[in-house]
Amino acid sequence: MSSRMSLKFELLSVCNFGCPDFQLPRFSLFFICINPKTMSFPLHKLPASAILQVLQLMDIYDQLTYSLCSKNTKKMVKSLGLRATTIQVHVQKKIGICINFDNSNYNFFWSSFEHGYYFPDEEFRIPWYIEAVAWNNVKKETEWKWYGANIGIREYLHHFIDVLQHTRIDDLNFNDELVNADIIVPVQKVLKGLQILELGLVNSITNEFSRSALESFHYYDEFYLERIPFERHEVGRMNKIFMKNLWWGLVSEPGKITIDQLLISNWVEIQLNITDLTEKDFNILLKLWIKGSSPRLTYFYATTFHLLDQKIILKGINCSQIPLDNEEVHIRKIDVHYQETTLAGGSRIKRFDGTTAVVVIDEAEFKIIVDI
Amino acid sequence: MSVENAPVVDVDEAAIPVEKKMYYRFESNDKKEFRVSELAIQQSETLNRLVEAMGYTSEDVENKPAIAIENIDGKTLKLVFQWCEHHKGEAIPVDDGSVPKIVEIPEFDAKLMDIDNGLLFKLIWAADYLNIVQLLNVSCKKVANMAQGKTPAQLRRVYLLPSDEEDEAAKRAAQEAQDPRAREVEEEFEERKRQGGNSFF
């Protein structure tokens, strides 16, 4: 027998198995060759229902890889209706695209690209290779390195945005001191046409880079900063950030933020991890909130270097104490997680329009939780 | 139960089991005959409907010619009936539409499918044709597993995937093979659309 095995299905004119009332559907006539010594399998020569079945039985990571094979395979995977919980772009020594598939954040497909040399105002060049790794909980599910892919970073990202019918980039994250401001325009070209939910500038990112990034990306709903990159005399530049009507902002070292900046902000949630705001500042914040300032605010959290004095914070404010045995709990959604705060021992205040909020002071922590 | 012990019997190889159970006789396109129990047949929706429609008695089975399955060869059909005999009486799974589907390949099935890709290909065609849901599930799962850890370039080789150009050429060829009158009508319709007309009439 030759090493190439011919495989043939006969055209069935009428197959009634000896029963005149019964007819089986026809096979189509085709010839294909399979070399039994190789591992190849002519998937697209199977009946359409079986191709779909094979596709549905692949791991989600293999489905994504399969979608990259041709326009046709992309269309097939898109038709499966797969959905990602988040798609993130991380800019560091490499550019990483992280596709998350469940709320735990431990089920993801991570692709990375060596961006190598790039020109400040141009798109990244097509990378030599693309690396991908997928994890599900603590188990590595797949890993590959694709040389000669001939696909640009922008094309690759938009491919998955389209296949997963995702509408935005959930997180654009710069987190390496070695990235410099020249990379911003090439990154903007990659993201052109996509909405950014969250901008993150963390770890050892330089102040110079943070300033450029904050002033280059204009539209995002949330951000987190390691520290305020502007000097005290650059109040105008800083205030532009506070006036962005954000949904959520977190600053890990917000030393330079003043109470005035907080008052001009129109953010929904504010989180300042170690601030040098004082009890008197918090008192002013509460009194102005009662009068109608920061109308969109639903959550404010700050920690300070020192223990807070509740009496100073609540001085002159009409509030009611929540009994210590009260079982009221506030549940707040953060990305895909939930945070619970016990309200017992807190103080309920009321704004002029009847909206109430609970002030929780615990050692160096200060929270305002608006009842919604 | 091992593959070898599965109760599929070629008529010319072994004695016919004498039981009260009903057995049907099938013949492959290369004239190999198989005796398959009624319960095993139930795994195949197509064959089950067929034998129901035929209303055979035990005597008919013996006296009438074997039921011909003209487009499946003996080697493939033997695997199919071995699988059906091993899984006879098992519930037929219902597709709940979830993606990715969860299918485990049992040890018996894994051994049964320890075959070259040519035969696996024929087995899937046969399972699809005979509508054997779980055999189709496990055989497709085996093919799906071939994708694990592969790059797109490797997948193109493993699955012999056509390139975009080849897909385009195939599409054009299919269009050209259409009925010429239908193509004329289509072209006329396109032409009228270009000219701004909404209706064909």
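Student: Is Lys32(B) buried, exposed or partly exposed?
Tutor: Lys32(B) is partly exposed, because its relative accessible area is 43%. Buried means under 20% relative accessible area, exposed means over 50%, and partly exposed lies in between, with a 1.4 Å probe and protein chains only.

Student: What kind of model is this, and how does the numbering work?
Tutor: This is a predicted model, in which local features need pLDDT of at least 70 and side-chain atom pairs count only at pLDDT 80 or more, while totals for chains, interfaces and linings use all residues. Residues are numbered from 1 along each chain as its sequence is written, chains are lettered from A and ligands numbered from 1 in the order in which they are written, and side-chain values use heavy atoms, with hydrogens and water left out.

Student: Back to Lys32(B): where is it found?
Tutor: Lys32(B) is in the loop between β2 (23-27) and β3 (33-37) of chain B. Strands here are DSSP runs of E with at least two residues, helices are runs of H or I with at least four, and both are numbered from the N terminus.

Student: And what does Lys32(B) touch?
Tutor: Leaving out residues up to four places away in sequence, Lys32(B) touches Phe26(B), Glu27(B) and Gly74(B). Contact means heavy atoms within 4.5 Å.

Student: What does UniProt list for residues 26-88 of chain B?
Tutor: An unreviewed UniProt entry lists "domain: SKP1 component POZ" for residues 26-88 of chain B. UniProt positions are given in the numbering used here, feature names are shortened, and annotations may be inferred rather than shown by experiment. In the model, that stretch is 52% helix and 14% strand, and its end C-alpha atoms are 17 Å apart.

Student: Switching to chain A. How many helices and strands?
Tutor: Chain A has ten helices and 20 strands. Of its 372 residues, 52% are buried.

Student: Which strand does β6 of chain A join?
Tutor: Strand β6 (residues 129-136) of chain A runs antiparallel to strand β7 (residues 139-147) of chain A, and eight bridges join them. Two strands pair if DSSP finds at least two bridges between them. Val133(A) has Glu143(A) in β7(A) as its bridge partner. The hairpin has two residues between the strands, and Asn137(A) takes a positive phi near 55° there.

Student: What about α1 of chain A, how many of its residues are buried?
Tutor: Seven of the ten residues in helix α1 (residues 48-57) of chain A are buried. Among them are Ala50(A), Ile51(A) and Leu57(A). The cover over the buried residues of α1(A) includes α2 (60-67) and α3 (71-78) of chain A, together with α6 and α7 (133-145) of chain B.

Student: Which residue does Glu234(A) form one with?
Tutor: Glu234(A) forms a salt bridge with Arg237(A), and their closest N and O atoms are 2.9 Å apart. Glu234(A) is buried, with a relative accessible area of 14%, whereas Arg237(A) is partly exposed at 32%.

Student: And in chain B, what does Glu107(B) meet?
Tutor: Glu107(B) and Lys111(B) meet in a salt bridge of 3.9 Å, N to O. Both lie in helix α5 (residues 107-112) of chain B, four residues apart, about one turn of the helix.

Student: Last topic: how many residues does the largest nonpolar core have?
Tutor: The largest nonpolar core has 147 residues, and Phe366(A) and Tyr159(B) are among those with the most contacts inside it. Helix α6 (residues 117-129) of chain B gives the most to this core, with nine residues. A nonpolar core is a set of buried Ala, Val, Leu, Ile, Met, Phe, Trp, Tyr and Cys residues joined through side-chain atoms within 4.5 Å.

Terms used:
Salt bridge = Lys/Arg side-chain N within 4 Å of Asp/Glu carboxyl O.
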